[in-house]
Amino acid sequence: MRCRRPLPNLNGMNNLDPRDVDLRKDLDATVRARRDLGDDYDAALVDSFLEKVEQRIDDAVDRRVRRHLAEQQTQSARGARRPKDADTWAERFGFAIISLILAIPLTAVCGGIAGTAGTFAAWAGIVGVNFAQAVRLNPELLSGRRERSREDG
């Protein structure tokens with residue numbers, strides 16, 4: 001009784017990935033067993049070989065799925081737990097307090113020496129330092145304004 005399924009085409013098997021040496025050995029063993037045992041065992045030999053191929057495919061798919069899931073978990077973990085920014089509330093608050101504390105004597109000295117122009121110069125410097133700190137901690141402050149103006153225009 002002949003097998004209803006055709007035997008695998010060996011011509012296409014010559015281009016196997018070098019990592020599939022075991023699969024090539026299994027195919028060769030299956031073909032040799034078919035020659036030794038005859039047509040009566042065709043179905044069993046083909047089924048056995050196809051089970052090995054199916055298992056190999058399942059293993060490869062499982063590895064790819066596990067790797068993909070691990071990459072997704074890593075990406076979501078990185079997104080949920082961002083590296084600590086230098087822009088903490090305490091740092092911003094501390095910088096603002098120090099800036100204001102230093103502004104008082106700076107205003108007095110500059111205002112006493114140069115008058116109103118000195119006071120404006122001192123406060124321009126204070127505003128400039130605070131602006132530079134804000135941009136350092138949040139670079140998107142400048143880029144966001146440019147992008148919005150481009151979208152509006």
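Colleague: What is the relative accessible area of Arg24?

Modeller: Arg24 has a relative accessible area of 28%, so Arg24 is partly exposed. The classes are buried under 20%, exposed over 50% and partly exposed in between, with a 1.4 Å probe and protein chains only. This is a predicted model, in which local features need pLDDT of at least 70 and side-chain atom pairs count only at pLDDT 80 or more, while totals for chains, interfaces and linings use all residues. Residues are numbered from 1 along each chain as its sequence is written, and side-chain values use heavy atoms, with hydrogens and water left out.

Colleague: Which residue does Arg24 meet in a salt bridge?

Modeller: A salt bridge is a side-chain nitrogen of Lys or Arg within 4 Å of a carboxyl oxygen of Asp or Glu. Here the partner of Arg24 is Asp28, at 3.6 Å from N to O. Asp28 is partly exposed too, at 28% relative accessibility. Helices (H or I, at least four residues) and strands (E, at least two) are DSSP runs, numbered from the N terminus.

Colleague: How many salt bridges does the structure hold?

Modeller: Two. Besides the Arg24 pair, Glu91 bridges to Arg136, with the closest N and O atoms 3.3 Å apart. Glu91 sits in helix 3 (residues 89-114) and Arg136 in helix 4 (residues 116-137), so this pair ties together parts 45 residues apart in sequence. Glu91 is partly exposed, at 29% relative accessible area.

Colleague: Which residues gather in the patch of negative charge?

Modeller: A patch takes residues with over 30% relative accessible area and no salt bridge; like charges are joined within 9 Å. Asp and Glu count as negative, and the charge is placed at CG of Asp or CD of Glu. In this model the members are Glu51, Glu54, Asp58, Asp59 and Asp62. Asp62 lies in helix 2 (residues 42-80) and is partly exposed at 40%.

Colleague: Is Thr30 buried or exposed?

Modeller: Thr30, in helix 1, is buried at 16% relative accessibility. A contact means heavy atoms within 4.5 Å. Leaving out residues up to four places away in sequence, Thr30 touches Leu45 and Phe49.

Colleague: What does the secondary structure of the protein come to?

Modeller: Five helices and zero strands. Buried residues make up 12% of its 153 residues. Of the contacts with a separation of 6 or more, 50% join residues 24 or more positions apart.

Note on methods. Patch = residues over 30% accessible without salt bridge, like charges linked within 9 Å, V, L, I, M, F, W, Y side chains within 5 Å. Areas by Shrake-Rupley, 256 points an atom, 1.4 Å probe, with all protein chains shown as cover.
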